[in-house]
Amino acid sequence: MSATYLEKLNERQRRAVEHGIGGDGVTVGGPLLIIAGAGSGKTNTLAHRVAHLIVNGADPRRILLMTFSRRAAAEMSRRVERICAQVLGAGSGVMTDALAWAGTFHGIGARLLRIYAEQIGLNVDFTIHDREDSADLLNVVRHELGLSKTESRFPTKGTCLAIYSRAVNSQTPLNEVLRSWYPWVSGWEQQLKELFSGYVEAKQAQNVLDYDDLLLYWAQMVGDPSLADDIGNRFDHVLVDEYQDTNKLQSSVLLALKPGGRGLTVVGDDAQAIYSFRAATVRNILDFPDAFSPPADVITLDRNYRSTQTILAAANGVIELARERFTKNLWTDRQSAVRPKLLTVKDESDQANYIVEQVLANRESGMLLKQQAVLFRTSSHSGPLEVELTRRNIPFVKFGGLKFLDSAHVKDLLAVLRFAQNPRDRVAGFRLLQMLPGIGPQTAGKILDVIATDPEPLMALGEIPAPPKSGPDWASFIDLMLALRKSDSGWPAEIALARSWYEPHLERMHEDAETRRADLLQLEQIAAGYHNRERFLTELTLDPPDATSDQAGVPLLDEDYLVLSTIHSAKGQEWRSVFMLNVVDGCIPSDLSTGTSDDLEEERRLLYVGMTRAKDSLTLVVPQRFFTGGQHAQGNRHVYASRTRFIPATLLQFFETGTWPVAGREASERSAQQIRIDVAARMRTMWK
Ligand code: ATP
Ligand code: MG
């Protein structure tokens, strides 16, 4: 079969794409690792491989593709579709909704768990807690155990959740986690065990899962021989992008899914490992080949197609000084006379002004806002720039920052749907019941206790007499819940029902009801894009939409907007022009990360990831004075800063305040019974 798309690839990329695929249609080859530097076409190669599989007759519904974000999965699906259309012809319909198993580890885990829920003793209506809900539940358990009252120095709920999460994701015993990462709380080991064991029981009683459970239950499922084959046989091919940022739990799931490695392809770059703070381990990618016998085939790519030579030289300069030896030597034939700029400005306000001016100037010369991005170490760093962009009516979307779903009113509305889905979800229940007049935490707790043991909780709810002082609101609340339980209205009409019920509460609780109402309408529009309530709740919780300049949720994709992103969230992406904010010691490396040399090395890789996002132009900005905004041990204050220690000076071109045009500054997942017992019990004993 003629395949022009293969001709565009270099020899190694092509080898990776064709690996294990014979002329007799699709044969499933042995395991493959593509390990290569930034911009060398790893993701592009993976997309071509998926397309090539499909073109050669593979069933797209039996391909599992896992990426770092839902956005990346969507982008990959589009690329695959485009390539397939070239060969099979547009409108062949091969791809429409066919690459159904593309998503994040957590998203895929959630879907498999819904399918296998019964076999593992989960109620299929489970709801998922985001980090905030998880911390809240952990806090409730903590109070119940009396841990916070007696001991004021007990770690905060956030720290407790971080410890729990690290132990689960890194598959490491609690005492080791404490010794290595939280030495200052090691005295609390016994209490923490009690807390975590209580937390696991609470989650099971309430039929809720946290993010980590999506992986943990999945690992338990594929760890069980009777289910492992069933799940593994659903997929002929399993492909993973950004493998360097996966944790031990994820790699154990993957290896259990495809124990011999047949049909398994993983892709990544050890020099871009930036998620160890979330228990990711670069060992996964480094140890991958030897996890199989014979070992996996390894293909490396060394040509960078993204950046100009000067940008690549500066990025290589940063990584060459790393303690670890990364063996990849990237080259490019994109020549440029212009080195990346390092611009020193007086303060953050000047920094914001300069960037706005430059972004506008770029747009004047034909570069869309979408082709430009502003990256930063920490979400709070973009504050002054956001203000300036808003003031000057420049549309932007912010990735990795405060989420749209974090606002109280959006959480309220989602609590309505979550509670209807799973009335044992106490975090949602508390939130909701306390919106009603005359209902405080005690009454809410009693109501939730009563319905928790009933096989039909919402029916039980309807039989509870109206609490004193709740007035007509109680009756309308019961009506709503019974309507949602039957789900007669269908999706997404349900959300409109929930919204109109919520309306008076919104008016009563918030002064700025008008702006918030707009957000809820936006949520309703987002809901229309999902098949049903469960899918909507799951995906929104796992990968919420990002904030935009007009506070209206997801951006309209056909509009032009500037991208603001944390470096972590910019992974895998590229823009013609990239600006990096606060490229100063204290920010990158962050003051909070310089405790150990491992931390410092991760900061170095982070800078490398940021710089390698740029195609044509890279500008690093250094404000001499910057506001630490609470991340500093000494609190909020202005500090004097110097440029990051990571970049060799010779690779940059220096500018200072005043040397840039000031003009226009103003303008501008055996028997069901048996497995049920196994899984639940395994989870509970984990902390004993
Ligand atoms: P990262 O490490 O940042 O994730 P990557 O290795 O995944 O990068 P891609 O994003 O796949 O790299 O590719 C980088 C750029 O190079 C993209 O614009 C892609 O279209 C382009 N590219 C990749 N391979 C080729 C090729 N053979 N010919 C031309 N352009 C290519
Ligand atoms: Mg990539």
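User: Which residue does Ile34 stand opposite in S8?

Analyst: This is a predicted model, so read each feature as part of a prediction. In it, Ile34 stands opposite Ile299 in S8. Strand S8 covers residues 297-299, and it pairs with S1 in the parallel sense over 3 bridges.

User: What other strand pairs with S1, and in which sense?

Analyst: Strand S7, residues 264-268, pairs with S1. The sense is parallel, over 4 bridges.

User: Which way do the side chains of S1 point?

Analyst: Start with the general idea. In a regular strand the side chains alternate between the two faces of the sheet. Now the case here. S1 runs over residues 32-35. Leu32 and Ile34 point one way, while Leu33 and Ile35 point the other way.

User: Are those four residues of S1, Leu32, Leu33, Ile34 and Ile35, buried or exposed?

Analyst: All of them are buried.

User: Now helices. At what angle do H18 and H25 pack?

Analyst: Helix H18 (residues 408-421) and helix H25 (residues 533-542) pack at about 125°. Their axes lie 11 Å apart. The crossing of the two is left-handed.

User: Which residues make the contact between H18 and H25?

Analyst: H18 brings Leu414, Leu417, Arg418 and Gln421. H25 brings Arg533, Glu534 and Leu537.

User: How many residues of that contact are nonpolar, polar and charged?

Analyst: The contact of H18 with H25 has 3 nonpolar, 1 polar and 3 charged residues.

Conventions: Residues numbered from 1 in each chain as written. Chains lettered and ligands numbered in written order. Predicted model: local features only at pLDDT ≥ 70, side-chain atom pairs only at ≥ 80, totals over all residues. Axes fitted to C-alpha atoms, helices over the stretch in contact; angles between N-to-C directions. Left-handed = near helix turned anticlockwise from the far one by under 90°. Contact = placed C-beta atoms within 7 Å. Nonpolar A, V, L, I, M, F, W, Y, C, P; charged D, E, K, R; others polar. Buried ≥ 20, exposed ≤ 12 C-beta atoms within 10 Å, placed from the backbone. Pairing = 2+ DSSP bridges.
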